[in-house]
Amino acid sequence: MVDHLYVTNPFDASPVGEVKLSSESEVDLALAIAEKTHKANRKGLPRHERIAILKKAAKIMEGRKSELALLIASEGGKPLIDAKVEVERAIDGVETCASEIANNSGFEVPMDLTPAGQGKMAFTIKEPIGPVVAISAFNHPLNLIVHQVAPAVAAGNPVIVKPADDTPLSCEAFIQILHQAGLAPEWAQFVCCDVSVAQKLVTDDRVAFFSFIGSAAVGWKLRSLLAPGTRVALEHGGVAPVIVCPSARKDQLIPSLVKGGFYHSGQVCVSVQRVFSVNSSAKELAESIADHASKLIVGNATDPATQCGPLIRNREVDRVEEWVAEAVNEGAEVICGANRLSDSCYAPTVLLNPPETCRVSRQEIFGPVISVYEKKNLDDAISQANSLEFAFQASVFSNDYAEIMDAIKRLDGSAIMVNEHSAFRVDWMPFAGRKRSGLGVGGISHTLEEMSQSKMAVFS
């Protein structure tokens, strides 16, 4: 029986580290510990202790920035330049959790709005929801963990976290940092386990809140298996649409689209994927994007010069290669790329007018591929942008107020970026998928709210 998970660099399979795999009995013990901890501390740790722990954790992370960034690049394949930004965001996220504790409070409920409430007074208080189980994705191996674990700590909940199998080391490091900052081990537990054990972890009736970031197919299946009463937040992917209007400034939009489409080799849930050129030459737009994309340096993420790293697994390169070949065979024009560079790397690729029926037009590519489509008018662009069962973030590039407002009103998405790529995010803003792209609202303050519950007291 395998009792350790060996972590390798996705670029060349060189060893990075290992973590112990938890057995079913060990996961059951973790759940028992979380349940016991919550029952003994239903109000959670005192708020000042939570604040002190999170602030100290952020300070520890600040002192280990270079180490954490190299770990992200080594196990996750995110270029070092972007891994450093991820660490900064993670530190900000922990500090934001500490500051949001003061805002996670109740309020007075006015009672005398009708005669029945005359003479009564009511207010609400916030309480921890209970044991939290979090399962995370590989593409932001530190910051996603912060977004799931730190709000649980801030809300006063014990939390058990299972990271992606490809990137467990950053998660383990963060949990150890929390312990070093003064959080008792029973309040934040790290587990790595196989799929069958993970399913039992998630569906156990001791779980009060389940946080999942990853595949839509997996997330929705797990939701259907949850014990009655377990609350849930799901964050999946999208097939992000971008509308480019004739009035858009090319010098502004091209660098933005290149960053939004090829950041982390497109392995981002709101990565630029479908670009609709309205009433202007789509080929000219595609060639401008390709001119920049073809100059990106692809290689080992730990090399400071690298701008696009490997895909997380070699089979993902196989899949992207297959999807692109399908699009080309069905009529898409290759503007740049469309070839694998190695077992682990795929060239930054720009396609022109792939058919609406092929997979690059209908499913999340999660790879370094942007497709550009020619559209006669804004109505056609919005119609195709909204045609899928996924909806997350979208964007519009325009300098015409009427066009911008029309796109904002009619695009199906939880956030519409104006003159910015679809992958833009700051960690305190609401972050939510619509339709099959997710359930619930992410973002530090919103997650803290979802991991809390209200109780009202009414006085006569």
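Predicted model: local features only at pLDDT ≥ 70, side-chain atom pairs only at ≥ 80, totals over all residues.
1. **Helices H2 and H4.** Helix H2 covers residues 47–63, and helix H4 covers residues 80–100. The axes of these two helices come within 8 Å and cross at roughly 165°. Angles over 145 degrees count as roughly antiparallel, so H2 is described as roughly antiparallel to H4. The crossing of the pair is left-handed.

2. **Residues between H2 and H4.** From H2, the contact draws on Ile51, Leu54, Lys55, Ala57, Ala58, Met61 and Glu62. On the side of H4, the partners are Ala90, Ile91, Val94, Glu95, Cys97 and Ala98. Sorted by class, this contact of H2 with H4 contains 10 nonpolar and 3 charged residues, and no polar ones.

3. **Helices H2 and H6.** Helix H2 also packs against helix H6, which spans residues 168–180. Here the axes come within 8 Å and cross at roughly 125°. That angle makes H2 oblique to H6. The crossing of H2 with H6 is right-handed, whereas that of H2 with H4 is left-handed.

4. **Residues between H2 and H6.** H2 contributes Ile53, Leu54, Lys56, Ala57, Ile60 and Met61, and H6 contributes Phe174, Ile177, Leu178 and Gln180. The residues of this contact of H2 with H6 divide into 8 nonpolar, 1 polar and 1 charged. A student tracing H2 in the structure will find that Leu54, Ala57 and Met61 belong both to the contact with H6 and to the contact with H4.

5. **Helices H1 and H7.** Another packed pair consists of helix H1, residues 24–40, and helix H7, residues 195–203. Their axes lie 10 Å apart, at an angle of about 20°. Because angles under 35 degrees count as roughly parallel, H1 is classed as roughly parallel to H7. The crossing of H1 and H7 is right-handed.

6. **Residues between H1 and H7.** In this contact, Glu24, Val27 and Leu31 of H1 meet Val197, Lys200 and Leu201 of H7. By class, the contact of H1 with H7 has 4 nonpolar and 2 charged residues, with no polar residue.

7. **Cysteines.** How many disulfides does the structure hold? The number is 0. A disulfide requires two cysteine sulfur atoms within 2.5 Å. The cysteine sulfur closest to that of Cys97 belongs to Cys171 and is 15 Å away, which is too far for a bond. Cys192 is likewise in no disulfide, as the nearest cysteine sulfur, in Cys193, is 7.0 Å away.

8. **Burial of two cysteines.** Are Cys97 and Cys192 buried or exposed? Cys97, a residue of H4 that meets H2, has a relative accessible area of 0% and is therefore buried. Cys192 also counts as buried, at 0% relative accessibility. The cut-off for this term is a relative accessible area under 20%.

9. **Asp3.** Asp3 lies in the segment before strand S1, which runs over 4–8. Its relative accessible area is 45%, which makes Asp3 partly exposed. Leaving aside residues up to four places away in sequence, Asp3 touches Val19, Lys20 and Leu21. Asp3 and Pro355 are 352 residues apart along the chain, and their C-alpha atoms are separated by 47 Å.

How values were computed. Residues numbered from 1 in each chain as written. Heavy atoms only, no water. Buried < 20%, exposed > 50% of the residue type's maximum accessible area, 1.4 Å probe, protein only. Axes fitted to C-alpha atoms, helices over the stretch in contact; angles between N-to-C directions. Helix = DSSP H or I, 4+ residues; strand = E, 2+ residues; numbered from the N terminus. Parallel < 35°, antiparallel > 145°, perpendicular 65-115°, else oblique. Left-handed = near helix turned anticlockwise from the far one by under 90°. Contact = heavy atoms within 4.5 Å. Nonpolar A, V, L, I, M, F, W, Y, C, P; charged D, E, K, R; others polar.
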